[in-house]
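These are my notebook entries on one chain.

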Amino acid sequence: MGNQIICPACKSRHIKHLGPVPTTNIFAGQSLPELIPGGSLFNCHECELRFKFPQIQPAELKTLYSLTGLDHWQSDSSARAEWGVARDWILATPIKFDLLDVGCFDGRFFSTLPPAFKFSGVEINPQAAEQARQKGIEIIGTDFQAIEGLPSDAFDVVTAFDVVEHITDPAGFLKQAVRVVRPGGLIIISTGNALSLPLRLLGSRHYFVVNAEHVSFISPQWCKRLAGEIGVTLIAERRFSHAIFNNIYLRIKQIALNIMYRFFLPFFVGLRRQGLSDKNVNLHPELALLPPNWMTAKDHFIVKFQKQ
Ligand SMILES: [Zn+2]
């Protein structure tokens, strides 16, 4: 299967179908009145990217992003374990003046750093970008493609937290990030780990894959392989969870629900149809197939590359 489908990143036809992605009505954390078909998840044997196809078209994505308010991403903010890691990495490097954060939102990551640096950001949400400006951050573009128009060797550090899963060609984006960083500078990215145990267990049905705005899925292994090809050294990697509350009871509950969903789907769907769920499955029966949340798992990673 998949002979007619090509890898959106490397254009290879050597791809494998991994399974159907459930239909959702959630976009960027908000419920939409209409349903968004999930398509399928594929793996490219050539570049090892996992990707969804068909994907939401860029124009439609832009409309959906503009519908999202300022508050919904903020629920994440207290739980950004990876910001502490990135801050330590940046402070430990000798060259660190010109910093660029792609997807900087209202500048809250930069707020964790000493104010002596020069801060630049890229942000798609106009309200968030305005708040970032008020904090002294120079907004140099509205989406990740803005990086293509920047001069080479212009920054000491480029960060992109939870960005590459939104991009059709993560390797192309990383090449651009490497280009705009000076030799010896850092590129720091974080995203979901396509090869973590939860994502391997649930495959195309994992909640991180089902998120409508997520189209590409990479792993630390993918980063190691790519590093050699794009002139960077992968010097550090950490795994983390995005959960705001992460106690043992919540962890056990989410593991149990996901195992039930994975191995006893008809039973799980039956419970939902009995009304034991926050999903409105009477209006949209397809939503009964949505996976439960599994935020407490350490299914995300952050890596630090250094340009040679
Ligand atoms: Zn590929």
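I began with His-284, which I located in the loop between helix H9 (265–273) and strand S13 (300–307). Helices (H or I, at least four residues) and strands (E, at least two) are DSSP runs, numbered from the N terminus. I note that the model is predicted: local features need pLDDT of at least 70, side-chain atom pairs count only at pLDDT 80 or more, and totals for chains, interfaces and linings use all residues. Residues are numbered from 1 along each chain as its sequence is written.

The cut-offs are 20 or more other C-beta atoms within 10 Å for buried, 12 or fewer for exposed, and partly exposed in between, with C-beta atoms placed from the backbone. Not counting residues up to four places away in sequence, His-284 touches Asn-25 and Leu-35; contact requires C-beta atoms, placed from the backbone, within 7 Å. I also looked up Asn-247, 37 residues from His-284 along the chain, and the two C-alpha atoms are separated by 32 Å.

**Domains**

I recorded three domains: domain 1 (2–66), domain 2 (77–192 + 208–244 + 298–307) and domain 3 (248–289). Their bounds come from an automatic or database domain assignment. The C-alpha centres of domain 1 and domain 3 lie 23 Å apart, and 4 residues of domain 1 are in contact with 4 residues of domain 3. On the domain 1 side I counted 2 nonpolar, 2 polar and no charged residues. Here Ala, Val, Leu, Ile, Met, Phe, Trp, Tyr, Cys and Pro count as nonpolar, Asp, Glu, Lys and Arg as charged, and the others, Gly among them, as polar.

**Hairpin and open sheet**

Strand S2 (residues 24–27) and strand S3 (residues 30–36) run antiparallel and are joined by 3 bridges. Two strands pair if DSSP finds at least two bridges between them. Phe-27 stands opposite Gln-30 in S3. The hairpin has 2 residues between its strands, and Ala-28 takes a positive phi near 50° there.

I then traced an open sheet of 4 strands, in the order S1-S4-S5-S11, with antiparallel pairing. Strand S1 (15–20) and strand S11 (216–217) stand at the edges with a single partner strand each, so one side of each has no neighbour in the sheet. Strand S5 (residues 50–53) pairs with S11 over 2 bridges, and Phe-51 has Ser-216 as its bridge partner in S11. In the loop between S5 and helix H1 (58–67) I found Pro-54, and the peptide bond from Phe-53 to Pro-54 is cis, with omega near -5°.

**Core**

Which residues have the most contacts inside the largest nonpolar core? This core has 71 residues, and I listed Cys-44, Leu-49, Val-158, Ala-177, Ile-187 and Ile-188 as those with the most contacts. Its largest share, 6 residues, comes from helix H4 (residues 170–180). The core draws at least three residues from each of domain 1 and domain 2. A nonpolar core is a set of buried Ala, Val, Leu, Ile, Met, Phe, Trp, Tyr and Cys residues joined through C-beta atoms within 7 Å.

Ala-177 touches Ile-147, Val-158, Ala-160 and Ile-187, residues up to four places away in sequence not being counted. Strand S9 (residues 155–161) runs parallel to S10 through 6 bridges, with Val-158 opposite Ile-187. In strand S10 (residues 181–192), 9 of the 12 residues are buried, so the strand is largely enclosed by the rest of the structure.

In helix H7 (residues 220–229), the buried residues are Trp-222, Cys-223, Leu-226 and Ala-227. They lie on the same side of H7, because they cover an arc of only 135° around the axis, taken from the directions from the helix axis to the C-beta atoms. I found the exposed Gln-221, Lys-224 and Gly-228 on the face turned away from the buried side. The cover over the buried residues includes H4, S12 and S13.

Leu-234 is found in strand S12 (residues 232–240). Leaving aside neighbours within four places in sequence, I noted contacts of Leu-234 with Cys-223, Lys-224, Ala-227, Val-303 and Phe-305. Leu-234 counts as partly exposed, because it has 17 C-beta neighbours inside 10 Å.

Terms used
Two residues are in contact if their C-beta atoms, placed from the backbone, lie within 7 Å.
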